[in-house]
Amino acid sequence: MTSLITGPDGRARCAWVGDDPEYRLYHDDEWGTPLHGDRALFEKMSLEGFQAGLSWITILRKRPRFREVFAGFVPELVARFDEADVERLMSDAGIIRNRAKIEATIGNARIVRTMGEGELDALMWSFAPPASGIRPTSFADVPAVTAESTALSKELRRRGFRFVGATTMYALMQSAGMVDDHIEGCWRA
């Protein structure tokens with residue numbers, strides 16, 4: 001399988017983008033771009049948790065609705081959700097209706113609410129590995145999990161967070177720019 005694909009604009013991109021315009025925009029504007037802020041990282045953590053077992057494009061297409069029904073992923077607001085909110089979310093076909101993931105998002109918001117401003121950002125970024133200077137040349141060079149994502153997962157779970165496994169945290173690290181896994185030859189590399 002090829003690791004790069006050339007888009008309609010003539011740019012080479014990581015091949016996971018395929019020919020989907022929404023994926024192309026996500027790749028070009030977000031994936032691998034450093035992301036900071038407690039709210040933004042809480043959203044990313046939540047959506048990565050919902051993605052577990054599904055494709056990211058499914059989450060990406062549902063992201064506007066997720067943002068709407070999860071109060072913009074403002075932790076202080078989501079932390080106030082109760083059982084009626086869980087039932088409301090379970091009946092919303094615009095999101096992934098998984099009770100465990102919904103309840104985990106609410107529980108995770110409650111943990112973030114107890115943290116100081118900037119603490120979630122600092123915690124997550126403290127596990128970002130130093131840039132290696134070695135760019136992956138194919139998908140085979142891109143790990144699914146690393147020592148850093150495993151350590152981040154362990155620390156988050158120690159604090160009570162859920163749906164933050166090592167593979168999920170590595171996907172977050174890629175998407176939030178903590179690591180740069182754009183394939184060599186990709187215009188973003």
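View 1. Cys 14 is buried, at 0% relative accessibility, where buried stands for under 20% relative accessible area, exposed for over 50% and partly exposed for the range in between, with a 1.4 Å probe and protein chains only. Cys 186 is in no disulfide, the nearest cysteine sulfur being that of Cys 14 at 3.9 Å, and Cys 186 is likewise buried, with a relative accessible area of 4%. Because a disulfide is taken as a pair of cysteine sulfur atoms within 2.5 Å, the sulfur of Cys 14, at 3.9 Å from that of Cys 186, is too far away for a bond, and the count of disulfides comes to zero. The model is predicted, so that local features need pLDDT of at least 70 and side-chain atom pairs count only at pLDDT 80 or more, whereas totals for chains, interfaces and linings use all residues. Residues are numbered from 1 along each chain as its sequence is written, and side-chain values use heavy atoms, with hydrogens and water left out.

**View 2. The largest pocket.** The largest pocket holds about 500 Å³ of space. Of the 21 residues that line the largest pocket, Trp 16, Trp 31, Trp 56, Ala 171 and Gln 174 are the closest to its centre; a pocket here is an open set of points on a 1 Å grid over the protein atoms alone, where a 1.4 Å probe fits, with protein on both sides within 12 Å along at least five of seven lines, and lining residues have an atom within 4 Å of a point. At least two lining residues each come from α1 (21-29), α2 (38-51) and α9 (166-175), and α9 gives the largest share, six residues. By class, the lining comprises 13 nonpolar, six polar and two charged residues, with Ala, Val, Leu, Ile, Met, Phe, Trp, Tyr, Cys and Pro counted as nonpolar, Asp, Glu, Lys and Arg as charged, and the others, Gly among them, as polar.

**View 3. The second largest pocket.** About 400 Å³ of space lies in the second largest pocket. Among its 17 lining residues, Ala 131, Ser 132, Ile 134, Asp 180 and Asp 181 lie nearest the centre, and the lining as a whole divides into nine nonpolar, three polar and five charged residues.

Notes
Grid points are joined across faces, edges and corners, and a volume is the space filled by probe spheres set on the points. Helices (H or I, at least four residues) and strands (E, at least two) are DSSP runs, numbered from the N terminus.
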